[in-house]
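Dear colleague,

Please find the structure below. My notes on its side-chain interactions follow directly after it.

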Amino acid sequence: MRVLLVEDFRPLRNSIAQALRELGYVVDEAGDGRAALWSLGSGQTDLVVLDIMLPGVDGFGVLKAIRAKSNAPAVLMLTAKDTVDDRVAGLDAGADDYLVKPFALEELMARVRALIRRRYQVDSATLRIGPLIMDLNARRVYRPDNGSEVLLSASEYSIFEYLAMRKGQVVSRSDIWDHTHGGDSAPESNVVDVFIGLLRKKIDAAAGCRLIHTRRGLGYVLAETE
Amino acid sequence: MKYSLRIQLTLSCALAIAILLAILGITLYVGLYQAFASRFDLSLRTRTALLISALDWDSRGNVHVGSDSAAQDRQSALTLPRFYEIWTPHGRPLLLAPELNHRSLQFLQPHSFTGQFVKIHLADGHAAREFVIRSSRGDREDIEHDGHQQGHQDPRGNTRQSQAAERRPSDAAKNGINRSSNHRQFMIAVARPTGELDASLDSLQWSLIIACSAATLLSAWIIWWLLGRGLRPVGIIAEEITRVGVNDLSDRISVGGVPVELIPIVDRLNQLLQRIEDAMRREKAMTADIAHELRTPLASMRASAELALSRPRDPTEYQRMIGEFLAVELHMQHLVENFLTLARLEAKPKLAQREYRSQPAEMIRRYADEWQGLLQSRQIRLELQLIDSLGVNAPEELLRIAIRNVFENAVSYVDDGGTIRINMRRESAHVILEFGNTGSRVPHDQTSMVFERFWRGDTARSDLTRHSGLGLAIVRQAVDNCGGMVDVETQVGGWFTIRLSLPPV
């Protein structure tokens, strides 16, 4: 999942970014409104964590630009202003959620998870994929009938999570790359395929059936049946 | 007890009216009393004259009241008195009116031939007035003449002696010597009950008292009512003030419907409200600024601490995180200190005109020494043009705060290898201190913003140096408290100059 973090106070930005990365998110950072708008250009962002008081274009300006886009990312506003008026102004401007500084990092992470789930229309924090269960909060995959856990690396989990969120849809390689690894560089053509190969081996072995299917020329799809 | 304007004014007006009416009433009463009494006395004297004319004397000196038809005819309007007594000049009774039932009237020697009035009680207890006069047989013209002369008599019988009245007794006495030898003289007293007179004077008195009291009460009520009406605007203003307090402070008390006398009060109140509103707005802006500026580093400290604790980490990573935490803490400490400095400066009133003697040149040199190492390491050139003899009429502490912050600002924003230039000069009524530095990135249209609280150059906050965004706001406030002015100028070549104009010694 790809998060754009817009915060002008560098130490705070660093901490949040690190926390998000440790939870497997791909994080783009911006220190002001202009940089934020530039980062949004790629169109792959799932969630924007947005400070209101920014130099240059302020949070509301960025929010307006986000809302003008099709397939707009979810927006979580961070602000030091805590009056009801401020909250209403933020939500009215189109923010999906609102968090007042200072906040618990745990709460920020929970809200980030919730907003991303909502964006992919996933209602529950646990997803059933064939015989497997994916726990989005604990970031693990297991088989409930025999209690065995599928041990995945962080990259493998991220890719599997993304596929699970878009279960039943064909997902292109570049989408997978952008939402799970990111970076400005274009993916090496076979990096995604290598990860998928590793993932498929573990998942299919644990599930006892094929779950990740290849759509030649298009990408991959996660589905219980062909 | 609460002081009520309405009650006070009503009482004092009513008191004034009561005193005025009392004086009027008493004057009226005394005037009428005298008029009535003198009429009464005149009538008594006339009756006496009538009685004297009606006396019949026989050759032995006995006397009785004759039916003198001539006298009756002449004085048809009057009847003979009912109570009278006649004595010899030595007090031997000659005749007592039958109505007196043998109870003698009071005998007294009148001082003169003009007669004397005295207040007595008749035998039946009724109050009466008695007129005593010395007379002689056949001198009725004299008496009558006297009666007309004696126009004004005090009812208590004290004769107000006119020039004519004073002369008369001596004439009479001169004549009297011959007459007394002939036993022609006698004393006559006539009394008349004053019941009617007293009754009418009593009723007059009571009418006046009742009328005056009623008038006082009525006017007090009218004044009370009028004051109520007159003071109504005060109540309205009070309501307005309550309304203003209840709603937000941007409301003003309307002057419409307020009498001219109260307009200055309303105006002053409105000015006061304006000042309070301004203060509140500043306070609110300040609180919002504090909220933002303190919450962000707080959030950062919390986030980095929670992040550090979220999982086991390498010692080097802990070191890095703690270092970052400490940097934020230092930033916040600096911010809080600056904030308190600014708050203290803002709370202080402007200095009263006092004589201070501060030496800015010395202070600038001291700070230059302090920062020498840093300036050298960044290869910054420091050009000082100081005049030691120029003193500033400002407290040292304020001047030091201003110079330190403006100096810090220059050091913070000058580019590496750039120049800081500090000038001093005397310009008419000011000592001018100029702090210039190169490397400014302040856009030309935003130069006037640099003194605003928490204003920073575009991306200044993203690099966590010691910028609180308060330095120049502190400078402006400190200079303002000294009674000086600040000014800013940007020039081509990235020159950014802050100019302090301070009062000279």
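B:Trp371 and B:Phe407 are both buried, where buried stands for under 20% relative accessible area, exposed for over 50% and partly exposed for values in between, with a 1.4 Å probe and protein chains only. This is a predicted model, in which local features need pLDDT of at least 70 and side-chain atom pairs count only at pLDDT 80 or more, while totals for chains, interfaces and linings use all residues. Residues are numbered from 1 along each chain as its sequence is written, chains are lettered from A and ligands numbered from 1 in the order in which they are written, and side-chain values use heavy atoms, leaving out hydrogens and water.

Aromatic rings

Across all chains there are six aromatic pairs; rings of Phe, Tyr and Trp (its six-membered ring) pair if their centres lie within 6.5 Å, and planes under 30 degrees apart count as stacked, over 60 as edge-to-face and the rest as tilted. One of them joins A:Tyr120 and A:Tyr162 edge-to-face, with 6.2 Å between the centres and 90° between the planes. This pair connects distant parts of the chain, 42 residues apart: A:Tyr120 sits in the loop between H5 and strand S6 (126-129) of chain A, and A:Tyr162 in helix H6 (residues 154-165) of chain A. Helices (H or I, at least four residues) and strands (E, at least two) are DSSP runs numbered from the N terminus. A:Tyr120 and A:Tyr162 are both buried.

The ring centres of B:Trp371 and B:Phe407 are 5.0 Å apart and their planes stand at 55°, so this pair is tilted. Here too distant parts of the chain are linked, 36 residues apart: B:Trp371 is in the loop between helix H8 (360-370) and helix H9 (372-377) of chain B, and B:Phe407 is in helix H10 (residues 396-413) of chain B. Together with B:Tyr367 and B:Phe435, these two residues form one aromatic cluster.

Two arginines of chain A lie over ring faces: A:Arg119 over A:Tyr120, at 5.9 Å from the ring centre, and A:Arg140 over A:Tyr142, at 4.4 Å. The criterion is NZ of Lys or CZ of Arg within 6 Å of the ring centre and within 35 degrees of the ring normal.

Salt bridges

The whole structure contains 33 salt bridges over all chains, each a side-chain nitrogen of Lys or Arg within 4 Å of a carboxyl oxygen of Asp or Glu. Among them is the bridge between A:Arg111 and A:Asp97, with the closest N and O atoms 2.9 Å apart. Because A:Arg111 lies in helix H5 (residues 105-119) and A:Asp97 in strand S5 (residues 97-100) of chain A, the pair ties together parts that are 14 residues apart in sequence. A:Arg111 is partly exposed at 23% relative accessible area, whereas A:Asp97, at 18%, is buried.

A:Asp193 and A:Arg173 also form a salt bridge, at 2.6 Å between the closest N and O atoms. In chain B, B:Arg381 and B:Glu383 meet at 3.0 Å, N to O, and B:Glu383 is buried at 19% relative accessibility. A network of salt bridges links B:Arg425, B:Glu427, B:Glu434, B:Asp487, B:Glu489 and B:Arg499.

A loop arginine

A:Arg139 is placed in the loop between strand S7 (132-135) and strand S8 (140-143) of chain A and is partly exposed at 23% relative accessibility. Beyond its neighbours within four places in sequence, A:Arg139 is in contact (heavy atoms within 4.5 Å) with residues including A:Leu23, A:Tyr157 and A:Glu161. The side chain of A:Arg139 reaches the backbone oxygen of A:Leu23 at 2.6 Å.

With kind regards

Key:
Polar contact = N/O pair within 3.5 Å; in protein donor to acceptor, adjacent residues only side chain to side chain.
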